[in-house]
Amino acid sequence: MRSLMSLLFLVLFSLPAAATVGWPDTDYDPAIPTLDEVVGHAPGARLTTSADAQRYLAALAEAAPERTHLVEYARSWQGRPLSYLLIASPERIADLEAIRSGMKRLAHPRDLDDATARSLIDALPAVVWLAYGVHGNEISSTDAALHTAYHLLAARDDADVTRMLSETLVAIDPDQNPDGRERFVHHYVQTEGIAPAASAIAAERREPWPNGRSNHYLFDMNRDWLGLTQPETRGRVATFQQYFPLIHADIHEMGTDTSYYFPPPAEPFNPHLTPAQLERLERVGRNIGDHFDRFGFDYFTREIFDALYPGYGDSWPAFQGAVGMTFEMASARGLAGERRDGSVVTYADGVQRHFVASIATVDAAARLRRELLEGFLEYRRSAVRGAHGGPREYLLPATRDPEAAHAFAQRLLAHGIEVRQTGSATRACNVDLPAGSYLISSRQGAGRLVRTLLDDDSPMAEAFVAEQERRRARGLGVELYDILGWALPRLYNLPVTPCDRAVAGDARAVTAEDAFEVQPPSRADVAYLVPWGTRAAGRFLTAALRDQLVIRGADAPMTLAGREYARGTLVIRVADHPELSAAALHQRVSRLAAASRAEVLALDSSWSTAGTSFGSSNVPRLHAPRIALAWDVPTRSLSAGHTRHVLERQFGYPVEPVRVAHLGAPELDRFDVLILPDGGHYGAVLGQAGVERLRDWTRRGGTLIGLAGAVDFLASDAARLLPAQREMALNTAEAHAPGNDRVAGMEIQNADSLAVAEAPSQADPDWIPGVVMRGHVDPDHWLTVGLADPLYFIVEGNRVYRPLRQEQGANAVHFADRKELLASGHLWEENRLQWAYKPAVMVASEGAGVVVGFTTDPNYRGFMDGLNVLFINAVFRGPAHTDRLR
């Protein structure tokens with residue numbers, strides 16, 4: 001019997017999965033190549049590689065040039081192309097430039113008259129963008145994309161397809177994350193056998209660290225539409241603004257034990273999604289539901305996936321006026337996946353359902369073409385009118401850090417937001433605005449996106465918040481999917497002020513071609529000084545260290561030639577470079593200043609009239625450290641990737657990833673700095689010998705930096721590297737004495753006291769989904785040199801620590817008091833009380849070394865620009881405060 005069952009299993013899973021992928025009663029044109037003819041397998045039968053997906057798109061474009069247009073829009077970090085294929089009637093394809101210009105005209109309607117608007121709406125198609133596979137291990141969507149393109153091009157004498165292509169312009173982006181997809185496909189091919197292994201614990205379905213979800217730098221690119229840190233995302237955002245799609249569908253996979261999800265989404269809704277927009281979203285969703293009913297497919301809506309955070313591939317397009325959608329299919333994570341109930345979902349099941357959802361979306365767009373165009377125009381026009389309320393202008397003075405202000409303006413411009421720059425000094429809303437300051441009006445087509453990105457809060461509905469409080473009280477858990485706070489001015493730590501009136505005076509439109517230029521330094525006889533505290537100065541430091549210049553960093557302020565220089569100032573002494581002539585050193589410093597955009601000043605005397613002097617021990621040399629970054633389990637891959645990206649791509653300094661299991665090796669001695677990203681169970685992977693080796697390395701002068709969850713390890717009894725104590729929840733009851741099976745009597749008088757009695761006896765504080773908290777710096781600690789106060793952190797999770805006592809170390813940055821703690825998002829009152837004044841960053845000595853513990857990740861999602869200097873201080877100034885590199 002066992003042999004017969006094994007044979008049946010093999011036969012079942014050897015059936016060609018592609019037999020289930022297709023549209024019923026459709027005659028296909030043999031002149032259009034099938035996937036099998038180009039790459040050697042049918043849709044759903046094998047995992048299509050990224051290279052084969054690109055090859056098939058090219059084959060389709062070559063077979064139907066009059067109905068397609070193929071465009072490469074970006075390259076991944078590993079050099080793989082990202083492309084989209086436009087599909088429409090020959091008339092639409094021949095008119096692409098007019099479509100682009102027409103959609104841009106609707107998107108920027110400030111001077112658009114009604115007659116021109118009606119003419120454009122009469123003529124334009126509904127642009128539909130179908131984007132697949134932003135998470136590389138959500139694999140079925142790419143094959144679905146390819147089959148959708150095939151169906152639209154090859155379905156012969158199909159009245160529905162003809163109607164769709166006459167009313168729409170369809171863009172198909174089959175593989176948004178080729179590096180992640182190739183990581184998954186490589187893993188799968190290395191582990192597959194003669195039949196699909198469907199078990200949940202089968203090797204081919206269980207990916208090793210870091211898995212294929214993320215891109216090369218391990219970013220979750222479905223969170224990157226806010227920060228625009230990755231080339232893939234930047235390419236997508238730029239492409240979006242060429243066509244301004246009316247529907248943008250982001251197509252994913254989810255857990256194997258689910259079915260299929262499409263909108264409407266769950267609450268909470270972002271307040272800048274309009275009722276009319278949500279109604280259009282529901283109509284498209286209903287059309288998909290009708291198609292799923294026709295095919296007999298299970299699905300659900302209005303659960304799990306909410307519409308609050310603006311950094312998703314469905315939400316960001318929505319704030320541009322589109323109908324933004326997420327599709328989620330139960331994942332086989334291979335060719336077959338076994339559910340808990342014993343049923344099996346196949347790769348082909350995912351391909352087929354995504355294919356049907358894609359066609360249903362195009363069908364809805366064709367049916368709703370005019371309504372979608374009119375709705376898009378009204379969304380943008382009403383923003384120009386100010387229907388969304390709120391501040392009229394946002395003011396950014398170019399004073400404290402002009403280069404950061406310039407970068408911020410350019411980031412907003414990349415989002416499609418109009419920014420103006422003042423030509424002369426002015427004042428508005430009690431803010432002095434020198435020439436070169438920036439103005440961002442919320443009365444523009446992208447005005448709702450302006451408010452979503454720049455306001456401190458995008459509030460959730462009061463009824464929804466009340467329901468979450470009720471659920472918390474019952475121990476049911478909250479219904480929140482992602483972070484609740486993201487205000488960009490806080491993340492950049494820039495003084496953006498909302499203003500309720502338009503700003504008078506001359507101001508010009510900022511363009512992408514605007515460059516930030518710094519005044520080159522004159523030639524110095526004694527030294528060059530670089531004021532500290534900016535990202536530009538950080539870039540100068542890392543580049544100068546790589547260029548083998550001798551750099552010193554002042555831990556104390558000083559006054560030279562009539563100017564005060566704050567703590568942190570970099571000093572490049574001419575006398576420290578005897579191998580270079582004064583002219584050669586000037587040339588190198590000038591080149592570094594231009595590349596980093598840092599302010600550099602020349603001095604002809606080292607005489608200090610106040611504060612420290614160049615020869616003081618308060619101005620230690622900053623050596624070029626060799627940096628190891630803990631890699632692989634148990635690190636959280638996103639944290640490891642974000643940290644590496646910040647150092648390598650934002651500051652141009654090389655990092656050497658080292659697997660945690662190898663940190664106990666003697667080669668660790670060759671490194672000066674070790675960074676432990678967010679993660680858990682470091683001790684279990686290192687083992688006792690590895691932990692002892694790490695402690696010994698630190699005591700002999702290493703700089704050890706722990707981020708978020710790694711602080712738990714540093715503070716653990718096993719490691720004893722940071723004398724920190726993690727707190728339980730406020731008012732946590734003491735445990736019963738061992739062996740005592742009785743408790744004191746309790747009188748319950750009403751429903752309120754019953755609720756108290758039923759409240760969970762939890763050890764940990766409530767989980768924070770992700771909010772922006774305000775912190776204050778210790779003005780005397782070396783770690784905080786150059787930092788503006790306050791700083792802003794994204795706090796996610798429930799790790800909160802007692803402050804270090806003075807004999808234990810320093811709380812270099814602590815969170816603010818409970819009244820000013822929250823800067824963006826929504827925070828439970830218990831968390832507000834418990835996090836007030838607790839440490840955000842702790843520093844302790846360990847022998848000759850130093851340990852820095854960030855209780856929350858300063859590199860979160862790679863968009864915490866306002867914390868970069870703090871992190872750079874830890875990495876590059878930490879070794880100067882050990883005995884290792886002095």
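Where does Pro-210 lie? Pro-210 sits in the loop that runs between α9 (178-191) and α10 (231-243). Keep in mind that this is a predicted model.

Pro-210 is worth a look for its backbone: the bond joining Trp-209 to Pro-210 is a cis peptide, with omega at about 5 degrees. Another cis peptide bond links Val-633 and Pro-634, and there omega is about 10 degrees. Pro-634 belongs to the loop between β27 (627-631) and α21 (637-650). As background, most peptide bonds are trans, and most residues other than glycine have a negative phi.

Leu-228, found in the loop between α9 and α10, has a phi near 50 degrees. His-681 has a phi near 65 degrees, and its place is the loop between β29 (673-676) and α22 (682-699).

| Residue | Phi | Relative accessible area |
|---|---|---|
| Leu-228 | near 50 degrees | 3% |
| His-681 | near 65 degrees | 68% |

Is Leu-228 buried or exposed? Leu-228 is buried, because its relative accessible area is 3% and the cut-off for buried is under 20%. His-681 has 68% relative accessible area, so this residue counts as exposed.

Now for the surface. Met-746, Ile-748 and Leu-754 make up a nonpolar patch there, and together they have about 290 Å² of accessible area. Ile-748 is in the loop between α23 (709-714) and α24 (751-758). Ile-748 counts as partly exposed because its relative accessibility is 43%, a value between the 20% and 50% cut-offs.

Conventions:
Residues are numbered from 1 along each chain as its sequence is written. This is a predicted model: local features need pLDDT of at least 70, side-chain atom pairs count only at pLDDT 80 or more; totals for chains, interfaces and linings use all residues. Side-chain values use heavy atoms; hydrogens and water are left out. Patches are made of residues with over 30% relative accessible area and no salt bridge: like charges are joined within 9 Å, nonpolar side chains (Val, Leu, Ile, Met, Phe, Trp, Tyr) within 5 Å. Accessible areas come from the Shrake-Rupley method with a 1.4 Å probe; for residues, only the protein chains shown count as cover. A salt bridge is a side-chain nitrogen of Lys or Arg within 4 Å of a carboxyl oxygen of Asp or Glu. Helices (H or I, at least four residues) and strands (E, at least two) are DSSP runs, numbered from the N terminus. Buried means under 20% relative accessible area, exposed over 50%, partly exposed in between (1.4 Å probe, protein chains only).
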